[in-house]
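Reader: Hi! I've got a structure here that I'd like to walk through with you. Could you have a look?

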Amino acid sequence: METLESELTCPICLELFEDPLLLPCAHSLCFNCAHRILVSHCSTSKPLESISAFQCPTCRYVITLNHRGLEGLKRNVTLQNIIDRFQKASISSPNSPTESRRLQPPQRPYTATISGTIAGTIGGGGGGTSGSSARSSPATSSHSHPHANHTNHANHANHTNANHSPAVVAKMDPRISCQFCEQDPPREAVKTCVTCEVSYCDRCLRATHPNKKPFTSHRLVEPVLDTHLRGLTCLEHENEKVNMYCLVDDQLICALCKLVGRHREHQVSSLTERFDKLKQTLENNLTNLVKRNSELENQMAKLIQICQQVEVNTAMHEAKLVEECDELVEIIRQRKQVIAVKIKESKVMKLRKLAQQIANCRQCLERSSALITQAEQSLKENDHARFLQTARNVAERVAMATTSSQVLIPDVNLNEAFDNFALDFSREKKILEGLDYLTAPTPPSIRDELCTASHDTITVHWTSEDEFSVTSYELQYTIYTGQTNFISLYNSADSWMIVPNIKQNHYTVHGLQSGTRYIFFVKAINQAGSRNSEPARLKTNSQPFKLDPKTAHKKLRLSNDCLTMEKDESSLKKSHTPERFSSTGSYGAAGNVFIDSGCHYWEVLLGASTWYAIGVAYKSAPKNEWSGKNSSSWVFSRCNNNFMVRHDGKEMLVEASLQLRRLGVLLDYDNNSLSFHDAMNSQHIHTFEVSFLLPVVPSFMIWNKSVMILSGLPVPDFVDGLASDLQEQQQQQMGLCRQESPYLTGLKSCH
């Protein structure tokens, strides 16, 4: 029955075939197992429906599927019928192998298996042989040594126990029974053989483990539970212990999986190797996790500390708020009392005046009433003589009283409405309604269009939206080095100049380098903090200069302001000096400045001159030959209708308009360039790329007519844009080797 059952077992699920398919190679396979094989080949880019073939797991024959897929394969009906009859026979016979295996616990294989050999090979040594010897059948040993000496066995047991690992040793469990006894119930186990993976009573131990080889190498420990010794078994092959690791499927497998199973073409490793690698990975990850937990704990402690500080600060600010509000309430209460006293004092004054007037009115009224009574008595007298005698005096008094009635009537035009005490607290109410914490001012804004510059000064103007909340301003500036990351530039505070405590919205910085670009920040400050403006790039003008009379050729005449030079054959009254242009044909003059930094721009008004050479030179440049004929000078030259650039005796023709009347010269000393431009037509003519090693001086030569110099000019926009593009190109080529010697300077023509 066991042989028949093995023939009816699927090679994939290791169970009896269920709904078997008959493959073209004559092997069979469960329908569900075949479906799982197809599913294992699926991916996001390869759906199940697109799989048209798979390999037979038994012989690796390629099975081709039609459009119906697995449904297109034939069912093995005969095999299914055999399986049904086999299952019925197994149920009716309780002693069948299948039923016995279902009712009884699995027994361990004691004979040497192929897994020991494969594991020994992967493990790198004689593990297979050792394992085979160690796993010899106890039953065989029992028959071979029936009269083993128990005393020798006890000594062997003590010797073995002293050498085994403490991790395997367990405490004596009275419920552990001998697994080799045939009596029922079995006797209590006294030892467990780690090699055999079986627990023995004293009698069975003497019978199966005599003190002879190979049993002397067996490891005997105190009785332990079967689950402590039983290793992990393969999920696909029953009773086979896992002894290797599949790196492809990332799972534990047994030797049969590697030899005949679905892992036979997969890369595997020994359990020891995988154990060491995974353990090392786990230890590293654990170390990182512990470190991360420590960081989280520190962060949490900081957060808790911040929370506590927030509570403290909140209480402090709440107390400060109550204190400030109480002070405001106290001020209002005091002002209320002061104003109330003023009102009462005004009331007393008004009432005092009114009481005096009331008394005056009462007195006048009493006199008038007495006069009226007397006059009425006189009117009752009918005797003319008596009436005339008595009434004349009364009539005079009444007439006098009537005439002076305006004097007698008191003034009652007093202001009872208290208009001079009008209360209007609308402004104060508005201020109180706006009570809030003071915040840092909004960032100021630098007004580029209002900023001005000279060759050594820059005046910076800025505006602020909440100007009234600003206590002061702080101006910071430094030389712009072409760095586009302003945050990094701002953090490098070593090179920054700071002007503190500025009260106005403008400031003039003195002592700057001429022809140099600067970065400016403005910081608005109050008690709550400060805010910075956006950076602004401002530039000083070019260095102004004039023609140096000490260098002018004898046949050149300079104007009084030393800005114009003219060819004059009759002008010979000049003393000879070493710095003067002296050779015949070298009709030149130099500027009165030496430039060793910055970016400078000047223009030359050429007028009607058609023969000239304009550029820069070192102080050491020879004065007895044309500029550009040596390695210390660089010039742009015109000779009638030909335009050229010249350096170190090398000339190169360039394109320029015959109507060129104003030549622009841009010397960017810091970025190693000298360029010439048609200033009227905003066109670039040529650029020298020079690594200047010494200060240079502007140089001018003419052979006819005259030229005029305009220096100290700001760089025009079209020239500035070209210079910026050139600077970016140079920054991109910083990794390339460039000529540093002034004697071997490359010429670059840009048309």
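This is a predicted model: local features need pLDDT of at least 70, side-chain atom pairs count only at pLDDT 80 or more; totals for chains, interfaces and linings use all residues.

Reader: Nice. How many residues sit between the strands in that hairpin, and which residue takes a positive phi?

Author: There are 4 residues between the strands, and Asn672 takes the positive phi, near 60°.

Reader: What about strand 29, how many of its residues are buried?

Author: In strand 29 (residues 662–668), 6 of the 7 residues are buried, so the strand is largely enclosed by the rest of the structure. Strand 24 (residues 599–605) is joined to strand 29 by 7 bridges, and these two run antiparallel. Across that pairing, Tyr601 stands opposite Leu666, and His600 has Leu667 as its bridge partner.

Reader: And strand 24, is that mostly covered or mostly open?

Author: Mostly covered: 6 of the 7 residues in strand 24 are buried. Strand 24 also pairs with strand 33 (residues 706–710), antiparallel over 3 bridges. There, Glu603 has Leu710 as its bridge partner.

Reader: Which residues touch the most other members of the largest nonpolar core?

Author: Those are Met565, Trp602, Phe636, Leu663 and Phe700, in a core of 45 residues. In soluble globular proteins, nonpolar side chains tend to be buried together.

Reader: Let's zoom in on Trp602. What does Trp602 touch?

Author: Leaving aside residues up to four places away in sequence, the contacts of Trp602 include Phe545, Ile595, Val616, Leu663, Leu667, Phe700 and Leu710. There is also a second, separate core of 24 residues, and among its members are Leu8, Leu23, Cys33 and Ile63.

Reader: Changing topic: in what order do the 3 strands of the open sheet run?

Author: The order is 2-1-5, with antiparallel pairing. Strand 2 (28–30) and strand 5 (74–75) are at the edges with a single partner strand each, so one side of each has no neighbour in the sheet. Helix 2 (residues 31–40) packs on this sheet and touches strand 1, strand 2 and strand 5. The direction of helix 2 makes about 80° with that of strand 2.

Reader: How do strand 1 and strand 2 connect?

Author: Strand 1 (residues 20–22) is joined to strand 2 by 3 bridges, and the two run antiparallel. For example, Leu22 has Ser28 as its bridge partner.

Reader: Now that helix 12, how far does it reach?

Author: Helix 12 (residues 271–379) has 109 residues and reaches 153 Å from its first C-alpha to its last, close to the 162 Å expected at 1.5 Å a residue. Its buried residues include Arg274, Ser346, Cys364 and Leu371.

Reader: Which residues does the "coiled-coil region" annotation cover?

Author: The unreviewed UniProt entry places a "coiled-coil region" at residues 279–313. In the model that span is 100% helix, and its end C-alpha atoms lie 49 Å apart.

Reader: Is Asp19 buried or partly exposed?

Author: Asp19 is partly exposed, at a relative accessible area of 33%, and is found in the loop between helix 1 (2–7) and strand 1. Ser682 is partly exposed too, at 43%, in the loop between strand 30 and strand 31 (683–689).

How values were computed:
Residues are numbered from 1 along each chain as its sequence is written. Side-chain values use heavy atoms; hydrogens and water are left out. UniProt positions are given in the numbering used here, feature names are shortened, and annotations may be inferred rather than shown by experiment. Two strands pair if DSSP finds at least two bridges between them. Contact means heavy atoms within 4.5 Å. Axes are lines fitted to C-alpha atoms, for helices over the stretch in contact, and angles run from 0 to 180 degrees between N-to-C directions. The expected span of a helix is 1.5 Å times one less than its number of residues. Buried means under 20% relative accessible area, exposed over 50%, partly exposed in between (1.4 Å probe, protein chains only). A nonpolar core is a set of buried Ala, Val, Leu, Ile, Met, Phe, Trp, Tyr and Cys residues joined through side-chain atoms within 4.5 Å.
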